[in-house]
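Open the model in your viewer and keep the selection tool ready. This tour tells you what to select next and what is there.

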Amino acid sequence: LMQSISGSKSHNAGTLMTALVNGVKDFSKKTVVNGTPVEKSGSISSTGNDFTVYFEDYVDSAAVQAIIDAHSA
C-alpha cells in the first residue's frame with residue numbers, strides 16, 4: 001500500500017526528494033530480496049508547479065508533510 005501527499009512546489013523535485021530521503025525515516029529503505037539488495041523508496045511525480053509524493057504506508061506521513069511544507073511556497 002502507498003500513501004500520497006500533493007502540493008505546490010517552490011523548489012525542484014530533486015531537491016525535495018533529497019530532503020525526503022535524508023529527513024524521513026524509512027522513506028528510502030534498503031531490503032534484501034532473494035539475496036539481491038533492493039531499495040524501496042518513495043517517488044515524486046510533478047506537473048508544472050504541482051507535485052505528488054508517493055511513499056510506503058509504513059512511512060510517517062507527518063514527517064513527509066513537514067518536509068513538503070518546508071519546500072513549498
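Two strands count as paired if DSSP finds at least two bridges between them. Keep in mind that this is a predicted model.

**Stop 1: the three-stranded sheet**

Select strands E1, E5 and E4. They form an open sheet in the order E1-E5-E4, and the pairing is antiparallel. Strand E1 (2-8) and strand E4 (43-47) stand at the edges. Each has a single partner strand, so one side of each is left without a neighbour in the sheet. From one strand to the next, the twist averages 20°.

What holds strands of a sheet together? Strands pair through backbone hydrogen bonds, either parallel or antiparallel.

Pick Ser 43 and look across: Tyr 54 in E5 stands opposite. Then pick Ser 46, which has Phe 51 in E5 opposite. Move on to the hairpin of these two strands. It has two residues between the strands, and Gly 48 takes a positive phi near 60° there.

**Stop 2: the other hairpin**

Select residues 28-33, strand E2, and residues 36-41, strand E3. These two pair in the antiparallel sense over six bridges.

Next, click Asn 34. This residue is in the loop between E2 and E3. The hairpin has two residues between the strands. Phi of Asn 34 is near 50°, a positive value in a residue other than glycine. Is Asn 34 buried or exposed? At 79% relative accessibility, Asn 34 counts as exposed.

Stay in E2 and select Lys 29, which has its place in that strand. Lys 29 is partly exposed, with a relative accessible area of 30%. Which residues does Lys 29 contact, leaving aside neighbours within four places in sequence? They are Val 38, Glu 39, Lys 40 and Tyr 58. Lys 29 and Ser 72 are 43 residues apart in sequence and 25 Å apart in space, C-alpha to C-alpha.

One more loop residue: Asp 26, between H1 and E2. Asp 26 has a positive phi of about 70° although it is not a glycine. Its relative accessible area is 24%, so Asp 26 is partly exposed.

**Stop 3: helix H1**

Select H1. This helix lies across E4 and E5, running at about 155° to E4. Show the side chains of Leu 16, Ala 19 and Leu 20: these residues of H1 are buried. They cover an arc of only 100° around the axis, which puts them on the same side of H1.

Why do residues three or four places apart point the same way?

What covers the buried residues of H1? The cover includes E4, E5 and H2.

**Stop 4: helix H2**

Now view both helices together. H1 and H2 pack at an angle of about 145°, with their axes 10 Å apart. Their crossing is right-handed. At the contact, Leu 16, Ala 19, Leu 20 and Gly 23 in H1 meet Val 64, Ile 67 and Ile 68 in H2.

**Stop 5: the core**

Finish inside. The largest nonpolar core has 13 residues, and Leu 20, Phe 27, Val 53 and Val 64 touch the most other members. Which elements give two or more residues to this core? They are helix H1 (13-23), strand E5 (50-56) and helix H2 (61-70).

Not counting residues up to four places away in sequence, Val 53 touches Gln 3, Ser 4, Ile 5, Leu 16, Leu 20, Phe 27, Ser 43, Ile 44, Val 64 and Ile 68.

Notes. Residues numbered from 1 in each chain as written. Predicted model: local features only at pLDDT ≥ 70, side-chain atom pairs only at ≥ 80, totals over all residues. Heavy atoms only, no water. Core = buried A, V, L, I, M, F, W, Y, C linked by side-chain atoms within 4.5 Å. Buried < 20%, exposed > 50% of the residue type's maximum accessible area, 1.4 Å probe, protein only. Helix = DSSP H or I, 4+ residues; strand = E, 2+ residues; numbered from the N terminus. Contact = heavy atoms within 4.5 Å. Axes fitted to C-alpha atoms, helices over the stretch in contact; angles between N-to-C directions. Arc of directions from axis to C-beta. Left-handed = near helix turned anticlockwise from the far one by under 90°.
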